[in-house]
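Hello,

Here is the structure I said I would pass on. My notes on it follow below the files.

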Amino acid sequence: VRARLRSRLEEQERLAARAATELDAARSEAQRLREVLEAVPLGVVFHDPESGEVFRNEKSSSPTDDMQADVLVTREVAQLMSGAATDTRHQTVELHGPPRRFLELTVKPLVSGGAVVLIEDASARRHLEQVRRDFVDNVSHELRTPIGALGVLAEALEGETDPAVITRLVSRMSGEVQRAHALIEDLLELSKIERTTPGERAPVDIAEAVSAAVQRVRPLAERSGVRVDVASVEAGVLVRANREELVSAVANLVDNAVKYSDEGSSVDVRVDVGATAGTVDIVVLDHGVGIPARDHDRIFERFYRVDRARDRRTGGSGLGLAIVRHVALNHGGEVLVSSVEGEGSTFTLRLPAGEGSAP
Ligand SMILES: Nc1ncnc2c1ncn2[C@@H]1O[C@H](COP(=O)(O)OP(=O)(O)OP(=O)(O)O)[C@@H](O)[C@H]1O
Ligand SMILES: [Mg+2]
């Protein structure tokens, strides 16, 4: 009898030990799953119908970093959890902000009972989609104008015998071709600049880069009767830059200064070393039409123009300043504007000073 009892006891002890081991394993498994839930970039809320408990990862408690918005989202989630989920459903919560945000909620029934709600901040994705749509719209619109005009001009040319009319039509066609060509060049340049990595920089002589940029705009300046004065830059001032990008940025600023000035006006270009510590400023100043204060932030957006009617004449596509801003950002710098409508504008391309530029 005793032997039987002992063996029963041993059997019980073995079972208890096994249960303890299994419990430990289950605990560490649960712990691991909790860590995984914290690591995912989604808010996860899960209701266990058996225990009646609600589990949520940290992200789900503050999905937006905005207390008021978080309360709203939490309320939506609670509502979703309270209904019996039979199949996967999606819902978008739009927060008007600013900034405007979109949170996508997904409820998914679980095979083991209950349901899980996933909360995803889709704002950045939505914004990107919008930017892409706008971009394609803008490019199509900008190209349609010159190409439509070319069609009309070609039709007018057909059967025309008067040499004077032919010359005029051909010259207008050539203008439209230039317009389409400039747009495509700007687009290619912008996409190239958006792609370059900081690695492709070398010490660049500022005086040489500025002079090359001004050289590019000379023909336009001469045609427009605008004088471009470059203050002499001390030799040997260097910045770490991608030369091609830098020249392009400065040329775009000078191009604008000339384009938005009247005949007989002048544009000043100068370089300020260390105007603020550790920086080099390239300053382009004009006495042209100026920019209304409400547009100062927006002019750097792709395709944004202050006055479309006015710029149709000058033929800009609104990409120049987007290129300038990108170049500034690529170089760890910035571009500043100060302008008064009717008086003129000053654009400053501010770059971190490189070797050789310390005053
Ligand atoms: N120096 C300036 N004076 C007055 N307005 C300016 C000046 N520079 C820019 N702007 C305004 O900002 C807008 C955006 O400039 P941006 O250089 O991006 O485009 P754009 O000159 O119209 O076309 P693009 O440079 O692509 O040929 C211009 O259309 C113009 O309205
Ligand atoms: Mg421009």
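Phe 303 sits in the loop that runs between strand E10 (279-286) and helix H8 (308-314). This is a predicted model, so please read everything here with that in mind. The phi angle of Phe 303 is near 75°, which is a positive value in a residue other than glycine. Is Phe 303 buried or exposed? Its relative accessibility is 2%, so Phe 303 counts as buried, the cut-off for that being under 20%.

A polar atom of the His 331 side chain is 2.7 Å from the backbone oxygen of Val 327. What does His 331 touch beyond its neighbours within four places in sequence? The contacts are Arg 201, Arg 240, Ala 241, Asn 242, Glu 245, Leu 351 and Pro 352.

Ile 119 belongs to strand E5, which covers residues 115-121. With 3% relative accessibility, Ile 119 is classed as buried. Setting aside neighbours within four places in sequence, Ile 119 is in contact with residues including Leu 42, Val 45, Pro 63, Val 73, Val 77, Leu 103 and Leu 105. Gly 43, Ser 60 and Glu 104 are also among its contacts. Ser 140 is 21 residues from Ile 119 along the chain, and the C-alpha atoms of the two are separated by 36 Å.

Now the chain as a whole. Its secondary structure comes to 9 helices and 12 strands. The radius of gyration is 33 Å, whereas a compact globule of 359 residues would have one near 21 Å. Along the principal axes, the C-alpha atoms fill a box of roughly 125 × 60 × 35 Å. Of the 359 residues, 34% are buried. Among contacts with a separation of 6 or more, 60% are between residues 24 or more positions apart.

Regards

Key:
Residues are numbered from 1 along each chain as its sequence is written. Chains are lettered from A and ligands numbered from 1 in the order in which they are written. This is a predicted model: local features need pLDDT of at least 70, side-chain atom pairs count only at pLDDT 80 or more; totals for chains, interfaces and linings use all residues. Side-chain values use heavy atoms; hydrogens and water are left out. Helices (H or I, at least four residues) and strands (E, at least two) are DSSP runs, numbered from the N terminus. Buried means under 20% relative accessible area, exposed over 50%, partly exposed in between (1.4 Å probe, protein chains only). Contact means heavy atoms within 4.5 Å. The radius of gyration is taken over C-alpha atoms; the globule rule is 2.2 Å times the number of residues to the power 0.38. A polar contact is a pair of N or O atoms within 3.5 Å; within protein, one must be able to donate a hydrogen and the other to accept it, and residues adjacent in sequence count only if both atoms are side-chain atoms.
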